[in-house]
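Please look over the sequence and structure first.

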Amino acid sequence: MQRHAHPPPAAFDLEDFLRRSTTAVNAALDRYLPRPGTRPATLHRAMRYSLFAGGKRLRPALCLAAAEACGGTWEDALPLACAVECIHTYSLVHDDLPAMDNDDFRRGKPTNHKVFGEGIAILAGDALLTIAFELVARARGWPRYSHRDLVRELAEAAGSRQLVGGQVADLEAEGRKVSAAHLRYIHERKTSALLRCAVRLGGMSANGTPRQLEALSDFGYHVGLAFQVIDDILDVTQSSEQLGKTAGKDTAAQKATYPALVGLEKSRQIAARLTRRAFAALAPFRGRACALEALATHLLQRNR
Ligand code: GRG
């Protein structure tokens, strides 16, 4: 019998939560993005093409769930949840470029540069990155967190020491033997930083206390690491159809991954251990973080 990493959250309907959060996020993104016909129309169509290509919307869901845990509203958190999704989508568009991972499929569709050409794909990524900060400016400020704090939070997570830095380390590790410590360094930056940022921004949108923000950081950090370990496992165990992106690319590109370093079984144990650490971080919420708990379980058990 499969042992649970932790008790599954009782009586929380995650499917319903994800359906509602995805609907709310999609509607907000549609409102925030320039209409597809706005000049230059090709650029705006390209931005919308990747943004509405069917991503799982996990980062915005984490942001909204964190806002709930701190007693906030979705309405206040939505601009920030959408900002994170814009950054995430930009990173995927650029990651798929021939100069990077050179991928033809993403979110079950041809990649942005396959449809719009490399030049427009680069610019669509640039514009998605930029609009994220416009969305932060649209959020309200809170007594504990000004716009300056929100901008800094997002910029640090997306910048050269985190997301982009992680991508550089990932590129440089290709074809090389890396230690477990270096692999963690890469995962902290290229994946965990933005998930951590998503939950922190959710907490900030609810004017969360410093203690709550600390707990969310700890949760986001561990859930983010688990997310990438699972992503690496799925790359070798699932089909391209199931994932909506080319499976088996990590092995082909000789990427540094946990399955390559320690094998599948040990990787699964590592992901479960990281998820348990994420659960433990939620203790200060005393049961008010059931959406976050359910999401952490879901991220560990996902198959795409
Ligand atoms: C600056 C040129 C330039 C490029 C930056 C920062 C960057 C490119 C890429 C980020 C690296 C990256 C793609 C990390 C992987 C994170 C990850 C596991 C993404 C998949 O997330 P899901 O499964 O995807 O949530 P969906 O499509 O469902 O949103």
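Which element gives the largest share of the lining of the largest pocket? H4 does, with seven residues. This is a predicted model, in which local features need pLDDT of at least 70, side-chain atom pairs count only at pLDDT 80 or more, and totals for chains, interfaces and linings use all residues. Residues are numbered from 1 along each chain as its sequence is written, and side-chain values use heavy atoms, with hydrogens and water left out.

**Largest pocket**

- The largest pocket holds about 1,100 Å³ of space.
- It is lined by 48 residues, and Leu92, Asp95, Arg106, Asp231 and Lys245 are the closest to its centre.
- Two or more lining residues come from each of helix H3 (58-69), H4, H8, H9, H10 and helix H12 (249-252).
- By class, the lining of this pocket has 21 charged, 14 nonpolar and 13 polar residues.
- The ligand takes up the space of the largest pocket.
- A molecule counts as sitting in a pocket or cavity if more than half of its atoms lie within 2 Å of its grid points.

**Terms for spaces and elements**

- The search uses a 1 Å grid over the protein atoms alone: a cavity is a set of points where a 1.4 Å probe fits but cannot get out, a pocket is an open set with protein on both sides within 12 Å along at least five of seven lines, and lining residues have an atom within 4 Å of a point.
- Grid points are joined across faces, edges and corners, and a volume is the space filled by probe spheres set on the points.
- Helices (H or I, at least four residues) are DSSP runs, numbered from the N terminus.
- Ala, Val, Leu, Ile, Met, Phe, Trp, Tyr, Cys and Pro count as nonpolar, Asp, Glu, Lys and Arg as charged, and the others, Gly among them, as polar.

**Ligand shell**

- There are 18 residues around the ligand (near means a heavy atom within 4 Å).
- Lys56, Arg59, His88, Arg107 and Gln167 come nearest.
- A side-chain N or O atom of Lys56 is 2.7 Å from a ligand oxygen, a polar contact (a pair of N or O atoms within 3.5 Å).
- For Arg59, a side-chain N or O atom also lies 2.7 Å from an oxygen atom of the ligand.
- In His88, a side-chain N or O atom is 2.7 Å from a ligand oxygen.
- Taken alone, the ligand exposes 740 Å², and the protein buries 88% of that (Shrake-Rupley method, 1.4 Å probe).
- Helix H4 (74-95), helix H8 (163-173), helix H9 (180-205) and helix H10 (210-237) each give two or more residues to the shell.
- H4 supplies the largest share of the shell, six residues.
- By class, the shell has seven polar, six charged and five nonpolar residues.

**Cavities**

- The whole structure contains two cavities of 30 Å³ or more.
- The largest cavity has a volume of about 90 Å³.
- Its lining includes Tyr49, Thr89, Leu92, Arg106 and Arg107.
- Helix H2 (41-51) and H4 each supply at least two residues of that lining, and H4 gives the most, with three residues.
- Five nonpolar, four polar and three charged residues make up the lining of the largest cavity.
- The second largest cavity has a volume of about 30 Å³.
- Arg184, His187, Leu225, Val229, Tyr258 and Leu274 line the second largest cavity.
- H9 and H10 each provide at least two residues of this second lining.

Notes:
A polar contact is a pair of N or O atoms within 3.5 Å; within protein, one must be able to donate a hydrogen and the other to accept it, and residues adjacent in sequence count only if both atoms are side-chain atoms.
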